[in-house]
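This briefing covers pockets, aromatic contacts and backbone angles. Please keep the sequence and the model in view while reading.

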Amino acid sequence: MKDKECFLSYVQQFDQSDTKIALKLAHSFRVSDLCEEIAVRLGFSQEDCLLAKRIGLLHDIGRFPQAALYGTFVDAKSVAHAQLSIQVLFEEGWIQRFINDQQQEHVIKQAIRFHSDRCLPVGLDPKEEQFCHLLRDADKIDIIHVHQNHSYQDFLDCSKEEMADSSISDAVLDAFLQQVTVDFTKRTTPLDILLSHDAIVFGLHYEESRQLFSEKGYSLLRIIEGLDFTNKETRKRLQIIAEACRRAGFMIKETI
């Protein structure tokens, strides 16, 4: 059975009318394609390009039971989705339906294990680190794609009114000023969560990934389009964040 068909056979056990399931299915296919494209640009062998494509397809397989069991994609309110992906693939044995090669399985496991961490751990071997960075870059690029095409309410449990009343913490503002990713443990508001998703572009590792992101024509801050923030300090901080993104060379959706 081909990877895509096998993956669909897993996803079909979940409610196909659930927008969260549909969103993550489409995300998985796009990240798979992005992983392959970045691998090609990096000059990977044909075998490693196929491995990259497979890793992208499988990286969020734990999102489906997470949505079904907890009704949320917020790890802090449910479980760590990367670890749930590891459980599905390597404890429940789904990986065997995709591949039976211990060396490649290990690379897949490491890439998925660390794909949503803010930083990679020390001690990875060169190939593990290479594929970890590749998956993390592809995932970041497509998260911005999701922001271009979906309401935040498709993946975040927050009303429009709550978001409009939301503020921006010092930690999130400082991350944009320093052009670094946000420490998720320091997010305190719904708007913090949204903005932290945009800040992930500062963590793109490969220059080829940054070029690909630019070619896609994605703009930051689009996810807050249409929101009328009630707090003057919030609006002021959004302007500062927008300017920080421009200085970093990213396009900005003019929403404030």
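Predicted model: local features only at pLDDT ≥ 70, side-chain atom pairs only at ≥ 80, totals over all residues.

The points below take the pockets first, then the rings, then the backbone.

**Largest pocket**

- The volume of the largest pocket is about 1200 Å³.
- Its lining comprises 43 residues.
- Nearest the centre of this pocket lie Arg63, Ser116, Phe184, Arg187 and His197.
- Four helices each supply at least two lining residues: α2 (19–41), α5 (81–91), α7 (126–149) and α10 (190–198).
- Helix α7 gives the most to this lining, with eight residues.
- Two of the residues nearest the centre, Phe184 and Arg187, also form a charge-over-ring contact. Arg187 lies over the face of Phe184, at 3.8 Å from the ring centre.

**Second largest pocket**

- The second largest pocket has a volume of about 220 Å³.
- Its lining consists of Asp3, Lys4, Phe29, Ser32, Asp33, Leu50, Lys53, Arg54 and Leu57.
- Two or more of these residues come from each of α1 (3–11), α2 and α3 (46–58).
- Helix α3 gives the most here, with four residues.
- By class, this lining has three nonpolar residues, one polar residue and five charged residues.
- Lys4 and Phe29 both line this pocket. Lys4 lies over the face of Phe29, at 5.0 Å from the ring centre.

**Aromatic pairs and cluster**

- A pair of aromatic rings is described by the distance of the centres and the angle of the planes.
- The count comes to ten aromatic pairs, with centres within 6.5 Å as the cut-off.
- One of these is Phe213 with Phe250, whose ring centres are 5.7 Å apart. Their planes stand at 85°, so the pair is edge-to-face. The cut-off for that class is over 60 degrees.
- Phe213 lies in helix α11 (residues 207–216). Phe250 lies in the loop between α12 (232–247) and β2 (251–252). The pair therefore ties together parts that are 37 residues apart in sequence.
- Both partners are buried: Phe213 has a relative accessible area of 2%, and Phe250 has 8%.
- One aromatic cluster is formed by Phe7, Tyr10, Phe14, Phe29, Phe64 and Trp94.

**Positive phi angles**

- Most residues other than glycine have a negative phi.
- Which value does phi of Gln179 take? It is near 55°, a positive value in a residue other than glycine.
- Gln179 sits in the loop between α9 (170–178) and α10. Its relative accessibility is 32%, so Gln179 counts as partly exposed.
- Leu221 also has a positive phi, near 70°, and is likewise a residue other than glycine.
- Leu221 is found in the loop between β1 (219–220) and α12. Is Leu221 buried or exposed? Leu221 is buried, because its relative accessible area is 1% and the cut-off is under 20%.

Conventions: Residues numbered from 1 in each chain as written. Heavy atoms only, no water. 1 Å grid on protein atoms, 1.4 Å probe; cavity = no way out; pocket = protein on both sides within 12 Å on 5 of 7 lines; lining within 4 Å. Points joined across faces, edges and corners; volume = space filled by probe spheres on them. Nonpolar A, V, L, I, M, F, W, Y, C, P; charged D, E, K, R; others polar. Phe/Tyr/Trp six-rings, centres within 6.5 Å; stacked < 30°, edge-to-face > 60°. Buried < 20%, exposed > 50% of the residue type's maximum accessible area, 1.4 Å probe, protein only. Lys NZ or Arg CZ within 6 Å of the ring centre and 35° of its normal.
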